[in-house]
Amino acid sequence: MPNIRLIARLDIKGPNLIKGVQLEGLRVMGDPEEFATRYYHQGADELIYMDVVASLYGRNNLTEIVRHSAQNIFIPLTVGGGVRSTDDVNALLRAGADKVAINTAAIKRPGLIQEVARRFGSQCMVLSIEAKKVSEGKWEAYTDNGREPSGLDVVEWAMRGCELGAGEIMLTSVDQEGTRRGFDCDLVRSVATAVPIPVIASGGMGMTEHMVEVVKAGCADAVAMADILHYKRMELPEIRAAGLDVGLHVRHL
Amino acid sequence: MKPVVTIIDYGVGNIFSVCRAFEHCGAEVRLCDSEREILQAERLVLPGVGAFADGMAGLRSRNLIEPINQFAGTGRPFLGICLGMQMLMESSEEFGLQQGLGLIPGKVVAIPSTGDNGVPHKIPHIGWNELLISETNRVGTIFDNTSSGSAVYFVHSFHVVPKFSQSRLADCDYNGRMICAAVRSDSIYGCQFHPEKSGEIGLTIIKSFLDK
């Protein structure tokens, strides 16, 4: 059985690693490569880079950061933010990314999912979904880093994305993001049980109990974390050990 | 002297990481897409992600199939990674029956959609999974310095079914389904996982290949 993946998520604006609350109020944390290298050596299972202002400007500025990081980091690297075409995907893959995460452009033109999956394979097409709760058991997908409502129901959109060829879903709860109050487990379970592809839970991890909960109750296949790592509230080896202690199926290093 | 590794660039996927990982392990990397360079290679790597038919078409359009087969007959070290491993086999069932390089007897089929308990599981098989290395077959291979139980990174929807058990170098357990993780026939190796994306364990496997 594959292990639950512990993923460090790095949101980037310009040259800086940033962190916000509910994707707003961004605070500069430092040099993303420094953080990424530390997480690699501490045993992160994957890294995710998100250019959080890319959709606004219509382009992804991470190519150089990706190229540098990929020099000395030998774990899978997902890159997202402002990816609009298969040419954008190709540029990021050639810079050293293994997968791309697409949200806004896929909602505007779902056929992009199919094009990316056909040209590069489903394994590199990660559908990123930013979800806001509408009512009990119902969530709406947002674009432009949690700013614009799309009118799409999250679970239905996830199923559609999967049919179009997405290989994975990164599901961010905008409500929980940066709050350290735990994942939206209902959201994660609703999507993870509706699609046959892996789901990465993102947004809300404040302590290891949250990770355990979103895996056990939320059926997450992978857990993305940011705040807890960037602020060094806990280090990855401690988080991994805590998972192993309660019998969570995470990788032994 | 630095070991030299020739990596085939046939227009598929992220080749950058494979090159970097070999360089990191002390190799001099040569990218190649011609017959002459393949035949002159000291050791050869066939990387690749994506669909089987696209991979074979990429090799065919560059006239690389015949030189690869010739190289494989020389006894010099050869490593196929992910799709590169799958193409070593005789055929694949991905999008209709496709012919492979046929260097190792066996075929490529879809990963069963359920675990052995009948419960549907996630496809693709993505993530870190433990290598179950065949103790009888491992000696003198790329797993010389890697212990069984080490986790490496997989991402695939199809898997290799070798015809003969002696080709099977390592497996991994996906919800009770035994997935072939590595194959070997003499100096020809294939890894379903990505050694270039498997942290220090992956780099150790790459170093062992460079020692061959």
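Of the 212 residues that make up chain B, 54% count as buried. The model described here is a predicted one. Chain B contains 6 helices and 14 strands. Its radius of gyration is 16 Å, close to the 17 Å that the globule rule gives for 212 residues, so chain B is as compact as a globular protein of that length. Taken along the principal axes, the box filled by the C-alpha atoms of chain B is roughly 50 × 35 × 30 Å. Among the contacts in chain B with a separation of 6 or more, 69% join residues 24 or more positions apart.

Helix α1 of chain B spans residues 15-24, and its buried residues are Ile15(B), Ser17(B), Val18(B), Cys19(B), Ala21(B) and Phe22(B). The cover over these buried residues draws on both chains: it includes α3 of chain A, together with β1 (4-8), β2 (28-32), β3 (44-46), β4 (78-81) and α6 (199-210) of chain B. After α1(B) comes Gly26(B), which has a positive phi, near 95°.

The contact between the two chains takes 28 residues from chain A and 29 residues from chain B. On the side of chain A that touches chain B, the elements giving two or more residues are α3 (63-72) and α4 (86-95). Of these, α4(A) gives the most, with 3 residues. By class, this side of chain A has 13 nonpolar, 8 polar and 7 charged residues.

Where does Thr63(A) lie? Thr63(A) is found in helix α3 of chain A. Is Thr63(A) exposed, partly exposed or buried? There are 18 other C-beta atoms within 10 Å of Thr63(A); because a residue counts as buried at 20 or more and as exposed at 12 or fewer, Thr63(A) is partly exposed. Leaving aside neighbours within four places in sequence, Thr63(A) is in contact with Ala91(A), Leu92(A) and Ala95(A). The C-alpha atoms of Thr63(A) and Arg94(A) are separated by 9.0 Å, although the two residues are 31 residues apart along the chain.

| Helix pair | Crossing angle | Axis separation |
|---|---|---|
| α4(A) and α6(A) (residues 111-120) | roughly 45° | within 10 Å |
| α9(A) (residues 208-216) and α11(A) (residues 236-245) | about 50° | 10 Å |

In the pair formed by α4(A) and α6(A), the axes cross at roughly 45°, and the helices are therefore oblique to each other. The crossing in which α4(A) passes α6(A) is right-handed. From α4(A), Thr86(A), Val89(A) and Leu93(A) meet Glu115(A), Val116(A), Arg119(A) and Phe120(A) of α6(A). This contact has 4 nonpolar, 1 polar and 2 charged residues.

In the other pair, α9(A) and α11(A) pack at an angle of about 50°, which makes α9(A) oblique to α11(A). Here too a right-handed crossing is found, with α9(A) passing α11(A). Thr208(A), Met211(A) and Val212(A) in α9(A) meet Ile239(A), Ala242(A) and Gly243(A) in α11(A). The residues of this contact divide into 4 nonpolar, 2 polar and no charged.

Terms used
Residues numbered from 1 in each chain as written. Chains lettered and ligands numbered in written order. Predicted model: local features only at pLDDT ≥ 70, side-chain atom pairs only at ≥ 80, totals over all residues. Helix = DSSP H or I, 4+ residues; strand = E, 2+ residues; numbered from the N terminus. Rg over C-alpha atoms; globule rule 2.2 N^0.38 Å. Contact = placed C-beta atoms within 7 Å. Nonpolar A, V, L, I, M, F, W, Y, C, P; charged D, E, K, R; others polar. Axes fitted to C-alpha atoms, helices over the stretch in contact; angles between N-to-C directions. Parallel < 35°, antiparallel > 145°, perpendicular 65-115°, else oblique. Left-handed = near helix turned anticlockwise from the far one by under 90°.
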